[in-house]
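Biologist: Hi! I'm new to this one, could you walk me through it?
Modeller: Happy to, let's bring it up.

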Amino acid sequence: MTTDASPADRPARPEDDASAWDDLARPLPAWVPRAKLGIFVHWGAYSVPAWAEPSGALGAVPEQEWFAHNAYAEWYANTIRIPGSPAAAHHRETWGDAPYDDFLDAWTAERFDPAAWAALFAEAGASYVVPTTKHHDGIALWDAPGTGTRNTVHRGPRRDLVGDLAAAVRSAGMRFGVYYSGGLDWSTSSFGPHTTMAEVGSLRPVDAAYNCYALLHVRDLVARYAPDVLWNDIDWPDAGKRTGAWSLHELFRDFYAGNPDGVVNDRWGETHRDYRTSEYEHGTDVETGTDWEQCRGIGLSFGYNQVEDESVVLSGHQLATLLADVVSRGGRLLLNVGPTAAGEIPAIQQRSLRDLGRWTGVVGETLRAATRVDPAVARGEDEPWTRWLDTPDGLVALVDRTGRTPLAFHRDAADAAAAVVLSGRAVVDTTVGAMAVDAAGLDGGPAAVRLPWRRR
């Protein structure tokens, strides 16, 4: 199917104005604010070449450099088409002139153990799991309607990867969501490679045919797997941004009717959302209030990148401080793993997740119950590193440092003299006029100290 459209053929804006989406607004389901940690899974044919230049985090690398030096292995099919890119040179030297779809047939998934994956994610402290079901390469990880044999049921792994993981995740007590690339599908168009952010927005299928194709996919995902999260990426075809039949509005309405606990993210264009998302250091202006989620990989890539090592992969301790920071600011963390083509979570990622799990195993319930602290009550600092949580049982300080510099909190709000160490080898000192914590020798993650409330 071809869905190319010139800019002149594209509607300038959705058919309906912004108020057309107002009837979909509702409070977040109760499970969402407590789900402080989720696991993202990027797994696809790109896991066969498993290569990207570890140039830096999205948002930290200048845009004029990012696309030719893209750190995302899952963007391999785009990056190898950019003349002069390191990925293009690597592909030529390693794979010759092999077309991208050869990787689908070479993707075997013979060591995929969904129960083991789910157990690892639960051990890390995750509340929900969101795997890719179709990334920008257009390859579906289930028998998606309209894909013919270009999916993992008919080629490559020859199994329904989405269904197998959904069952395992739910058996392990976590909620299940689905990622779908509604904005980009390189298999349904013949646009050139994306080399700027502007081209990501302009070189994408926007017409009615692709809208129907994508809608059928998402509706099939909802019908088969009853996900609690619809996590779309990079916009939605403009032809569907309206009310009525074959519309995004109709999709959301039916999704909520079938699952009142369901939520959708903010990457459907200027339409409707339940919460905002940021990615690494990109889009961080949305990290305000409480209805936001930061997503990133354990390393610099989402898809498995064989050249990533300890220099770019976060340790368990670093993951703990990242999670603590996100939660203290009112957000949630969707942390990605990138399995190998065989279906194994790389050992370096497993180690980080298990180390994180030793920390969340102690402080997990504190994190789940936490909300953002009023800055007038306590404020976080980087030197010394301190973050604060508002919990029903008291003000909680998360401290990752040495020394006994007094912490910045309002002494009338919480009782330092009654402080309780929840985790870590921390020593609380209340002789300094307020409270100081010496976390020297700490491992696993920040020390957690609870101060009972004096007033609420």
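Biologist: Thanks! What order do the strands of the open sheet have?
Modeller: Keep in mind that this is a predicted model. The open sheet has eight strands in the order S5-S4-S3-S2-S1-S8-S7-S6, and the pairing is parallel.

Biologist: Which strands stand at the edges?
Modeller: Those are S5 (263-264) and S6 (276-279). Each has a single partner strand, so one side of each has no neighbour in the sheet.

Biologist: And how many bridges join S1 to S2?
Modeller: Four bridges link S1 (residues 37-41) with S2 (residues 128-134). Ile39 sits opposite Val129 in S2.

Biologist: Which strands does helix H6 lie across?
Modeller: H6 (residues 114-124) lies across S1, S2 and S8 (332-337), and runs at about 145 degrees to S1.

Biologist: Changing topic: which residues touch the most other members in the largest nonpolar core?
Modeller: That core has 115 residues, and the ones with the most such contacts are Trp107, Phe121, Trp231 and Trp359. Leaving out residues up to four places away in sequence, Phe121 touches Ile39, Val41, Ala126, Val129, Met174, Val337 and Ile345. There is also a second, separate core of 20 residues, with Ala397 and Leu451 among them.

Biologist: Last one: how do the axes of H9 and H10 cross?
Modeller: The axes of H9 (residues 208-225) and H10 (residues 248-258) cross at roughly 0 degrees and come within 11 Å, which means H9 is roughly parallel to H10. H9 contributes Leu215, Val218, Arg219 and Val222 to the contact, while H10 brings Glu250, Leu251, Asp254 and Phe255. Five of these contact residues are nonpolar, three are charged and none is polar.

Terms used. Residues are numbered from 1 along each chain as its sequence is written. This is a predicted model: local features need pLDDT of at least 70, side-chain atom pairs count only at pLDDT 80 or more; totals for chains, interfaces and linings use all residues. Side-chain values use heavy atoms; hydrogens and water are left out. Axes are lines fitted to C-alpha atoms, for helices over the stretch in contact, and angles run from 0 to 180 degrees between N-to-C directions. Helices (H or I, at least four residues) and strands (E, at least two) are DSSP runs, numbered from the N terminus. Angles under 35 degrees count as roughly parallel, over 145 as roughly antiparallel, 65 to 115 as roughly perpendicular and the rest as oblique. Contact means heavy atoms within 4.5 Å. Ala, Val, Leu, Ile, Met, Phe, Trp, Tyr, Cys and Pro count as nonpolar, Asp, Glu, Lys and Arg as charged, and the others, Gly among them, as polar. Two strands pair if DSSP finds at least two bridges between them. A nonpolar core is a set of buried Ala, Val, Leu, Ile, Met, Phe, Trp, Tyr and Cys residues joined through side-chain atoms within 4.5 Å. Buried means under 20% relative accessible area, exposed over 50%, partly exposed in between (1.4 Å probe, protein chains only).
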